[in-house]
Amino acid sequence: MRRLLPLLLAAWLALSLAGCAEPSPLPSPSEEPTPSPSAAPEAVRFSLGYDPAASRHPLIGTSQVNQELTGLVYQGLYELDNQFTTHPVLAASAAPAEDGLSWAVTLKSGAVFSDGTPLTAHHAAASLNAARAAGPYAPRLTGVAGAWAADDATLVISLAAPNGSLPALLDVPIVLEQEEGPPLGTGYYQYEAAGERLYLQANPRHSGASALPYAVIPLTPVSGADERVAAFDSGAVTAVTTRFASPYALGYSSSYETCDYPTTTLLYVGMRCSGGPCQSALVRRAVSRAVDRAGIVQTLLSGHADPACLPISPLHGEYAGEAAALLDFDMEQAAALLAEAGYGRSEEDGLLYRRREALSLTLLVNSDNECRQGAADAVAGALRSLGVSVTVNTLPWEGYAAALAAGRFDLYLGEVSLTGDFDPAPLLSGALNYGGHESWELGQALDTWRAARGDGRAQAAEELWARFAQEIPIAPVCFQRGSLLVRWGMASNLQPTRGNPFYRMEEWTTTAVSKKLYQ
């Protein structure tokens, strides 16, 4: 492998030596960031960014820039596609015990790390235990009590409670620790260095490396947001990810193509079920019916989200369409539900009253998030058109969080990133249950669904979401999408996923000019 290094670098350095200190000037961006399809591709290298000041360890590093590289260097036991279906990668198979409290995972034979070390269950156990202790993967592994190797080929994972969808949580990088530098992986690429320059080199021990569009991917240091924007806009970095709905989205302005991918980040309307008008399930269902999800996605998110009436992605196979239809936007049904709850509209002021008490709601929203503010205004406007008196209380984050904790709201706009198995327990009965909803029936349905496996999951999902539609403790709005931005004309057939923006890179179609620069 080391003897290949000078040959690979020779072509790359010959092309980049004269301009590596400063990128070649490019035309100024037009007002419209994405050019017409007839625009000619620019002759720029395909390159990615990395943060030299942050850890490149995939299990403990928190740098978004460095985490984007994880899927190129490392692999997990499983991976999730854009329908959130699990596919084995380093695992050959997995089977739960009869009580569901442990799983035995058989590893794929023949997998090796980039230095040739064979993968064993000991490596997998060490990686999972390290991941659940701290770092970006810890939240998804809170239900994992431990992992150990039964033998070199068999990994055992013990759980605090049964989870029939455990493989959806196992897209955690499996690593081989080193004394210095980031650990080794089993992925398509490996980290290499030439002097002070860092790059990704195709891993010759990976069976799919020969199909990769780029044998070498230079890495450009970008330590901060301004550097990252400047590097992408100049062409020193040619692919980045962003979430356009985020208040922290960077303002890229160069010519690029956008490819969205679904995420588990849910925007929703929370409701105080423990007091006030929203104690009534009829009122809560009316609120859900008044949420124009498709309108919010198109107007506020420019289409970068998937409307959802349930706290599970509508792309997921267990999304229950019939239950969702009972909660979807329908102003006539919203009005009918409020009438069923006992509210009538006054001819004098046009407001809804029940026993001379106006239907008045306080809607809490975070002032630091323009997307949530816009959604709050849209929900408030729809409810007002029904005769509901709505006060929108816009607070900075500290005040917003304090008001949530104290229950000083009837409604609030919230956002949460769910795990890959879409377990809504934190929202329904856990730390994020700010509305104080309590339901033995919904809890039982949730436990049954989480424990179900195989053919039983579909029926359990139908029953869970039917119960959810009756009680509606929160009103989901949409699941936001992330976006992979690639310099215009460099590649097509992009297939980014939530876990890996460069998913199936071997299937990319690259332009002749961008491919020639590397091979």
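**Close-up 1. Helices H6 and H9 packed against each other in the predicted model.** Here H6 (residues 281-289) packs with H9 (residues 331-340) at an angle of about 165°, and their axes sit 8 Å apart. Anything over 145 degrees counts as roughly antiparallel, so that is the label for H6 and H9. As for handedness, the crossing of H6 past H9 is left-handed.

**Close-up 2. Who touches whom between H6 and H9.** On the H6 side, look for Leu-282, Val-283, Arg-285, Ala-286 and Arg-289. They meet Met-331, Gln-333, Ala-334, Leu-337, Leu-338 and Glu-340 of H9. Sort the residues of this contact by type and you get seven nonpolar, one polar and three charged.

**Close-up 3. Strand E7, mostly covered.** E7 takes in residues 154-159, and six of its six residues are buried. In a regular strand, side chains alternate between the two faces of the sheet. For E7, Thr-154, Val-156 and Ser-158 point one way. Leu-155, Ile-157 and Leu-159 point the other way, and all of these residues, on either side, are buried.

**Close-up 4. The pairing of E7 with E5 and with E6.** Strand E5 (residues 102-107) pairs with E7 in the antiparallel sense, over five bridges. Getting from E6 to E7 takes a hairpin of two residues.

**Close-up 5. A three-stranded open sheet, E14-E15-E16.** The strands follow that order, and the pairing is antiparallel. E14 (344-345) and E16 (357-358) are the edge strands, each with a single partner, so one side of each has no neighbour in the sheet. Between E15 (residues 352-354) and E16, the antiparallel pairing runs over two bridges. Check out Tyr-353, which stands opposite Ala-358 in E16.

**Zooming out. The whole protein chain around these views, with 15 helices and 22 strands.** The chain has 519 residues, and 51% of them are buried. Count the contacts with a separation of 6 or more, and 69% of them come from residues 24 or more positions apart.

Notes
Residues numbered from 1 in each chain as written. Predicted model: local features only at pLDDT ≥ 70, side-chain atom pairs only at ≥ 80, totals over all residues. Heavy atoms only, no water. Axes fitted to C-alpha atoms, helices over the stretch in contact; angles between N-to-C directions. Helix = DSSP H or I, 4+ residues; strand = E, 2+ residues; numbered from the N terminus. Parallel < 35°, antiparallel > 145°, perpendicular 65-115°, else oblique. Left-handed = near helix turned anticlockwise from the far one by under 90°. Contact = heavy atoms within 4.5 Å. Nonpolar A, V, L, I, M, F, W, Y, C, P; charged D, E, K, R; others polar. Buried < 20%, exposed > 50% of the residue type's maximum accessible area, 1.4 Å probe, protein only. Pairing = 2+ DSSP bridges.
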